[in-house]
Amino acid sequence: MRISIEMTDSERPVIAILGAGAVGLSLAGKLAGAARVYVLCRPAHADAIRERGLLMAGIWGDRTVEGIACIAGPEDLPPSVDYIFITAKGTGTAAICEQFAGVMREATVVSLQNGIGNEEVISRYAGSVIGGTVTTNFSVEGPAQVRVKSESGPMMLGVWSGGDAAAGLDRLIGIVRAAGIPVERSPDIRAGKWAKSLLNITVNPLCALFSVPVGATADDRLRGVIAHLVHETFAVMAAEGVRVPWATPEAYLAHLFGVQIPDFAAVYPSMYYDIKMGRKTEIDLLNGYVAALGERHGIPTPYNRCIADLIRFRESAGPAHPTDEALS
Ligand SMILES: NC(=O)c1ccc[n+]([C@@H]2O[C@H](COP(=O)([O-])OP(=O)(O)OC[C@H]3O[C@@H](n4cnc5c(N)ncnc54)[C@H](O)[C@@H]3O)[C@@H](O)[C@H]2O)c1
Ligand SMILES: CC(C)(CO)[C@@H](O)C(=O)[O-]
């Protein structure tokens, strides 16, 4: 299927997507059906988008999307932007906020990033902040070429901070839904970020350390480690007053092994690609975050601390495989 987007339609909302990787490019491909989309792209993706459009494959549809505008900085954006999505890794949030600080002051900024702490950083720059989670697997297959492989729930969006966030959220949910992305309103997005992080705290580092897909973490020899990671995280969440949809660690473990791991069995999580490409991971926003909070509350978190240290060591050892720097 070939989709052309009419870019002269001034009625369409204007959306900027900052970070054109697996999530950002896939989001751009879908949102282009309902909005004027501007994407902050590295040159390899920008050149390919200008030359032949964005190639999408997988469960969000097979298509070539034209009409996406690639930008190199805030100066390339139109004067008024309705929403800014941040889809860079958490390691790049502060730098992107600095670069786009002028535009963010007036905009509603949405984070779809994994881990805890991004919205706090964004709130220091943005007029309004919407927190988000996306429990879907995306990967970059080549320049401006993405595949959406599996999904285990809708995108969740909820008010984080700022006076205009509530009104902006209703409109945004309408736009995302019109674009064909499953999305729901989160009544408590702070808890929602923790709920999503449970999956990333358990499977992401193990898959990254051992170069295995998500399904491999159901191995009997890893289940005990995962159970400790979950118990520690629940203790820290309780101390923080965070209430996730599962009342006990056991209830979440049943969901993890019964639903989420089977849903993502064949795919590799984002941290696996970071290690493969020799990039810094989001471990400080996941297991490292749990360990740091545990220390503050006097809660022992030896499993999360150990996993965080193993990942930090693995990061310092460089790429796992030859890397295509142009796409990183
Ligand atoms: N990949 C997934 O399946 C998945 C699913 C759910 C959530 N997430 C989360 O979404 C976020 C994005 O993940 P991803 O897998 O798309 O990462 P990614 O590394 O594929 O993409 C991020 C992109 O942002 C770009 N970028 C970062 N800073 C930039 C800057 N200052 N200027 C220009 N470009 C910049 C990088 O070059 C990279 O291409 C992460 O927080 C991740 O944990 C990923
Ligand atoms: C859902 C998930 C584990 C699957 O890719 C994703 O959050 C990721 O890759 O980090």
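A: Let's start with the shell around ligand 1, which divides into eleven nonpolar, 13 polar and three charged residues. Here Ala, Val, Leu, Ile, Met, Phe, Trp, Tyr, Cys and Pro count as nonpolar, Asp, Glu, Lys and Arg as charged, and the others, Gly among them, as polar. Keep in mind that this is a predicted model, where local features need pLDDT of at least 70 and side-chain atom pairs count only at pLDDT 80 or more, while totals for chains, interfaces and linings use all residues. Residues are numbered from 1 along each chain as its sequence is written, and chains are lettered from A and ligands numbered from 1 in the order in which they are written.

Of the 27 residues around ligand 1, those that come nearest are G19, G21, V23, Q113 and N114; being near a molecule takes a C-beta atom, placed from the backbone, within 6 Å of it. In terms of elements, α1 (22–31), α3 (93–99) and β10 each supply at least two residues of this shell, and β10 gives the most, with four. Helices (H or I, at least four residues) and strands (E, at least two) are DSSP runs numbered from the N terminus.

Now for ligand 2. N114 turns up here too, in a list with T135, N137, L199, N200, V203, N204, F264, V267, P269 and S270. Helix α7 (residues 189–210) is the top contributor to the shell around ligand 2, with four residues. By class there are five nonpolar and six polar residues around ligand 2, and no charged ones. Domain 1 (2–187) and domain 2 (191–327) each give at least three residues to this shell, with bounds from an automatic or database domain assignment.

How do the two domains meet? Their C-alpha centres lie 24 Å apart. The contact takes 21 residues from domain 1 and 19 residues from domain 2, where contact means C-beta atoms, placed from the backbone, within 7 Å. On the domain 1 side, the elements that give two or more residues are β9, β10 (136–142), β11 and β12. That side has six nonpolar, 13 polar and two charged residues.

Next, the strands. There's an open sheet of eight, with mixed pairing, in the order β6-β3-β2-β7-β8-β9-β12-β13; strands pair if DSSP finds at least two bridges between them. β6 (69–71) and β13 (183–185) stand at the edges with a single partner strand each, so one side of each has no neighbour in the sheet. From one strand to the next, the twist averages 25 degrees. Helix α6 (residues 165–178) packs on the sheet, touching β7 (83–86), β8 (108–111), β9 (128–133), β12 (155–161) and β13, and its direction makes about 165 degrees with that of β12. For such angles, axes are lines fitted to C-alpha atoms, for helices over the stretch in contact, and the range is 0 to 180 degrees between N-to-C directions.

Strand β4 (residues 54–58) has two partners to look at. With β5 (residues 63–65) the pairing is antiparallel over three bridges, and M56 stands opposite R63. Four residues lie between the strands of that hairpin, where G61 takes a positive phi near 110 degrees. With β11 (residues 145–151), β4 runs parallel, joined by four bridges; there, M56 has V146 as its bridge partner.

Finally, the record. Residues 15–161 are 25% helix and 37% strand, with end C-alpha atoms 19 Å apart. Residues 188–314 are 71% helix and 0% strand, and their end C-alpha atoms lie 34 Å apart.
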